[in-house]
Amino acid sequence: MADFSSGVTHSDIAKMTPAEKYGLCEKLRKALIEGVSHTGGHLASNLGTVELTVELLDVFDPSEDKIVWDVGHQSYVYKMLTGRADRFPTLRKKGGISGFPYPPESDCDSFIGGHSGTSISAAYGLFKAMRFEGKTGRVVAVIGDGSLGNGEAYEGLNNVGADGETGLIVILNDNGMSISRNVGRMASYLTKIRNRKSYFDFKSGLARFLNHLPLIGKPVLRFLTKIKFAFKYTIYRNSTMFEDLGFTYLGPVNGHSVEELKEILTRAEKIEGPVIVHIKTVKGKGYDKAESDPSLYHGVGSFSVENGADGKQSKCFTSAFSEALLDIAEKDDKICAVTAAMESGTGLSKFHERFPERFFDVGIAEEHAVTFSAGLAHGGMKPVLCLYSTFLQRSLDQLIHDCAILKENVTLAVDRAGLVGGDGVTHQGVFDTVFLKAVPGVKVWSPASLSEVAPALKAAASENGLTVVRYAKGGAPDRDRSDYKPLGLSRILERGGKTLLVTYGRETAEVEKAADALLEKGVVCDILKYDVIIPLVRETEELSRYDRVFFFEEAKREGGVGESFIAAYPEVKNFKHIGVEGFPTHGEVAELLADAGLDAASIVKTVTENEA
């Protein structure tokens with residue numbers, strides 16, 4: 001049996017016996033658990049796709065076929081088997097491999113995959129491009145882990161089914177989060193019969209015979225087809241939606257049986273037209289702690305393999321928000337919480353437990369979540385919609401059209417705003433300030449520390465129209481800011497300096513550290529800290545007295561809040577704006593801040609190198 005540590009080719013796996021494949025799967029699971037215990041990452045979802053990945057690389061050849069992973073947190077084993085096992089210890093680390101499919105990293109990564117619901121659309125585009133070039137390879141989209149609840153997935157299914165070409169296969173990895181269980185012995189029996197080679201040979205042979213039978217052949221075929229669909233709809237309901245869309249439906253089969261997977265994938269590649277393959281897997285398979293609590297092990301930090309992850313949430317912006325939301329909900333029965341399959345990630349578990357009738361998890365459907373919240377608000381409720389910054393990007397149209405135009409009272413709690421670290425390029429929350437600036441009437445608070453979250457949320461929820469509270473992943477020092485002079489929407493620390501440092505949010509901590517370090521060097525800096533960043537309001541006439549003004553923001557520089565600042569204070573001279581450029585990669589937050597020139601040391605260097 002080939003050693004996967006140096007990569008396992010399609011031909012290597014094709015030569016393996018089932019026993020050898022199971023042995024390979026056991027080694028892969030052990031390496032996966034051990035590796036993620038050190039690096040952190042998405043564990044449970046990857047443990048559920050081990051056998052599937054092995055069989056994908058048995059039946060399909062990445063040198064000719066394309067495999068597209070939906071929400072690529074299912075693709076760690078695929079990375080191991082396509083030549084990156086030796087780099088697996090660098091997963092999510094700066095300079096290491098990404099936690100998601102990333103084509104610049106490997107030709108085997110057919111498409112980028114950090115957000116859900118994209119695989120079918122991307123696979124269809126790749127498929128059409130291949131056919132235009134005369135290539136005959138297959139394209140496989142692997143979707144699941146809740147992603148089928150995303151609207152884009154259905155748009156893709158509808159388009160692919162209408163096309164009807166052969167060579168595109170969609171694998172639905174059903175781990176209990178996207179499609180309900182089949183029940184009854186008849187469903188199991190039909191699955192077994194429908195996946196037999198003899199069944200498909202008979203079916204296609206009968207169709208050819210009746211099509212060529214004069215006069216009565218085609219009417220008989222149409223009649224038998226109607227009978228088949230009616231029978232299937234009665235007995236095997238969850239296949240009809242896919243087949244009505246134009247797909248041949250196969251499954252469900254045991255996604256942890258290499259024999260069953262080999263049979264059904266081999267069958268799928270020979271069927272004319274697009275195919276849906278439905279497999280059943282167990283999220284967290286092979287690690288009892290992950291199997292018993294797959295939500296906890298969906299995304300984890302480093303942990304002890306023997307003892308497991310403790311599941312305790314340290315004090316952070318998310319926990320501060322959770323407590324603040326409970327507090328305002330206790331006092332106002334119109335407050336409700338909405339999220340998109342991120343109950344625990346956005347800190348809403350306690351709210352769900354305390355106010356189940358006011359909690360709504362709409363699944364991985366951010367666009368729907370925004371419009372649903374607008375509907376709640378229009379009906380008199382006060383929804384607080386909790387999303388990660390990177391996923392809010394998908395909902396700009398709904399924010400403008402459904403919330404902002406009629407000034408619906410929707411509050412957005414934007415978590416993971418700023419640099420997020422290991423999840424990398426697809427998850428950095430650095431764009432929300434840019435597109436929220438473009439929405440008329442929106443008001444955005446950016447708390448700098450845990451103690452500022454509750455006042456910001458209370459203020460946002462009490463105002464009319466679309467309001468936002470954005471905060472970073474993790475925490476920030478909760479230092480005493482009593483020396484700051486309040487201006488209303490901002491605060492200023494006046495030390496008598498001729499240099500002004502301007503900032504907001506978590507970046508305030510780095511700016512304050514830098515100002516203290518500069519003071520020790522004899523460079524006196526005042527600090528202007530914004531609490532409300534959108535709209536940025538001119539509140540003082542005193543800024544012309546500064547020889548130098550620096551604006552630091554942990555968000556995109558181009559189009560960012562700093563541009564609003566200089567527009568509000570055109571008289572400011574010697575202005576320098578430092579923010580995030582391009583697409584930040586994965587790494588520790590401290591490393592990414594340094595790369596962007598936003599850590600305290602970089603700020604000191606910028607100020608000392610840019611004299612008036």
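Buried residues, meaning those under 20% relative accessible area with a 1.4 Å probe and protein chains only (over 50% is exposed, and partly exposed lies in between), make up 55% of the 612 residues in the chain. The model is a predicted one, in which local features need pLDDT of at least 70 and side-chain atom pairs count only at pLDDT 80 or more, while totals for chains, interfaces and linings use all residues. Residues are numbered from 1 along each chain as its sequence is written, and side-chain values use heavy atoms, with hydrogens and water left out.

Colour the chain by secondary structure to begin. The chain has 24 helices and 18 strands, taken as DSSP runs numbered from the N terminus, with H or I over at least four residues for helices and E over at least two for strands. Of the contacts (heavy atoms within 4.5 Å) in the chain with a separation of 6 or more, 75% are accounted for by residues 24 or more positions apart.

**Strand 5 and its partners**

Select residues 275-280, which form strand 5; five of its six residues are buried, so strand 5 is largely enclosed by the rest of the structure. Two strands count as paired if DSSP finds at least two bridges between them. Strand 3 (residues 168-174) runs parallel to strand 5 and is joined to it by six bridges, with Leu172 standing opposite His278. Strand 4 (residues 248-254) is also parallel to strand 5, through five bridges, and here Tyr249 has Ile276 as its bridge partner.

A C-alpha to C-alpha distance drawn from Pro252 to Ile264 comes to 9.5 Å, for two residues twelve apart in sequence.

**Thr346 and the cysteines**

Next, select Thr346, in the loop between strand 6 (335-339) and helix 15 (349-354). Thr346 counts as buried because its relative accessibility is 1%. A polar atom of its side chain lies 2.6 Å from the backbone oxygen of Met342. Not counting residues up to four places away in sequence, Thr346 touches Thr318, Phe321, Thr339, Cys386, Leu387, Tyr388 and Asp415.

Move to Cys403, in helix 18 (residues 396-404), which counts as buried at 0% relative accessibility. Leaving aside neighbours within four places in sequence, Cys403 is in contact with Val370, Ala374, Gln398, Glu408, Val410 and Leu466. Ala377 lies 8.9 Å from Cys403, C-alpha to C-alpha, across a sequence separation of 26 residues.

Now display the open sheet of six strands, whose order is 12-13-15-14-17-18 and whose pairing is mixed. Strand 12 (485-486) and strand 18 stand at the edges with a single partner strand each, so one side of each is left without a neighbour in the sheet. To inspect the pairing, show Phe552, which stands opposite Ile578, and Val549, whose bridge partner is Phe575.

Finish on helix 21 (residues 507-520), which has 14 residues and reaches 20 Å from its first C-alpha to its last, close to the 20 Å expected at 1.5 Å a residue; the expected span is 1.5 Å times one less than the number of residues. Its buried residues are Glu507, Thr508, Ala509, Glu510, Val511, Glu512, Ala514, Ala515 and Leu518. These buried residues pack against strand 14 (499-504), strand 15 (525-530), strand 17 (548-556), helix 23 (589-595) and helix 24 (600-609). Helix 21 is followed by Gly522, whose phi is positive, near 90 degrees.

How values were computed. Polar contact = N/O pair within 3.5 Å; in protein donor to acceptor, adjacent residues only side chain to side chain.
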